[in-house]
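Subject: Structure handover

Hello,

Here is the structure you asked about. Please open it before reading on.

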Amino acid sequence: MRILHLGKFYPPTHGGVERVIAELVEGCNAVGLQTDVLCANEILRSQTSSHKNGEILYTITRAASFGKLARTAIAPMMIAQLHSLAPQYDIIHVHHPDPMAALALFLVRPKAKIVLQWHADIVRQKRLLRFYAPLLQWLIRRADVVVGATHAHIKDSDYAPQFAQKSRVIPYSITPLVPQENCIQLDKRFFNIFALGRLVSYKGFEYLINAANMLDENFRIFIGGNGGLYQKLAGQIKHHNLQNRVFLLGALSTQEICNYFEQCDVFVLPSIERTEMFGIVQLEAMGFGKPVVATQIQRSGVHFVNIHLQSGLIVPMCDSQALANALCTLKNDKALYAQLAQGAQERSQAFLPKQIIPQWRALYHGLCEC
């Protein structure tokens, strides 16, 4: 059995979906399932590389790209690449949303079984969705199975009526981050709060910064990541005279991220839209035994990952006071903090590859036996 993943990009390109694909590709190859990748490149040149995982030699093919439009890769060479590669595979695993991948499948019409992994509805690019909707509806009909990482991905999707009868829930898997050395030293006299993500509107970082106004001098907030709102958020920090209490860290290396997870007291995910459907960073924090404060986003799976009073706290979204109250509770209630820290560590174990990859292997084998 051979599997081809069809997605926008692949590491070292950073992103949540890219991380998910890499975890699945590596996990499947590790258990002997030949799993390759076709994705867009970030440059106008196609490239193919070979990689070894145990006894499996697998390939990553990156189709030449003209760049991105509305976060969608413009990579028409993907069509020709898929036409050439598709006959070699029993299963093509496509990741939505990705209009380029959907178009390639529509034009090539491979005979392979199609797994459609539903990472999120298109929430923000409504104009793009109007043009993409007919192609997406074709893809849903063509898919043999639609897989979501939580029940919210499936039952709360706008397209749920179209794929509910052939849907499955398989959570994302994540290999715990392991720091190699401490290149970051946080002052332990303070209660240190870490947040991480692209500096874009749906991440809700402005509400976390506002929460700093409601916290005393014993708190420090560190926000990692780059994005279009960097200057706006920096201006907000300066306007409230929070320069010594809230810090925008910019882009961080994997090692630096590990160190902030290891040394912080609490991780916060203050997102405000269901564009945030899972929040892998929550699991990364939990793997370090850190309680998570996240927001209650309707029709999202975020609160499935971080369970209220088990691995952290869930607060209303767009509510800086609620964020501040939750952080004060975790600082002042030592028993609750210890309980949630242990719960976070235990919760993270449910998402290890050894728990998740067998579910994918069973799904793939079941499709090939049909």
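Below is what was found in it.

This is a predicted model, so local features need pLDDT of at least 70 and side-chain atom pairs count only at pLDDT 80 or more, while totals for chains, interfaces and linings use all residues. Residues are numbered from 1 along each chain as its sequence is written, and side-chain values use heavy atoms, with hydrogens and water left out.

The sheet

Start with the open sheet. Six strands form it, in the order E13-E12-E11-E14-E15-E16. Strands (E, at least two residues) and helices (H or I, at least four) are DSSP runs, numbered from the N terminus. The pairing is parallel; two strands pair if DSSP finds at least two bridges between them. E13 (246–250) and E16 (312–316) stand at the edges, each with a single partner strand, so one side of each has no neighbour in the sheet. The twist averages 25° from one strand to the next.

Now look at E11 (residues 191–196). Six bridges join E11 to E12 (residues 219–224). Asn192 stands opposite Arg220 in E12. Helix H9 (residues 254–263) lies across E11, E12, E13 and E14 (266–269). H9 runs at about 140° to E11. Axes are lines fitted to C-alpha atoms, for helices over the stretch in contact, and angles run from 0 to 180 degrees between N-to-C directions.

An aromatic pair

The whole structure has 16 aromatic pairs. Rings of Phe, Tyr and Trp (its six-membered ring) pair if their centres lie within 6.5 Å; planes under 30 degrees apart count as stacked, over 60 as edge-to-face and the rest as tilted. Phe194 and Phe267 have ring centres 5.9 Å apart and planes at 75°, so this pair is edge-to-face. Phe194 is in E11 and Phe267 in E14, 73 residues apart.

Helix H7 and its partners

H7 (residues 205–212) packs with H12 (residues 320–332) at about 60°, with the axes 8 Å apart. The two helices are therefore oblique. Angles under 35 degrees count as roughly parallel, over 145 as roughly antiparallel, 65 to 115 as roughly perpendicular and the rest as oblique. Tyr207, Leu208, Asn210 and Ala211 in H7 meet Ser320, Leu323, Ala324 and Leu327 in H12. Contact means heavy atoms within 4.5 Å.

H7 also packs with H8 (residues 230–239), at about 10° and with the axes 10 Å apart. H7 and H8 are therefore roughly parallel. Here Phe205, Glu206, Ile209 and Asn210 in H7 meet Leu233, Gln236 and Ile237 in H8.

Best wishes
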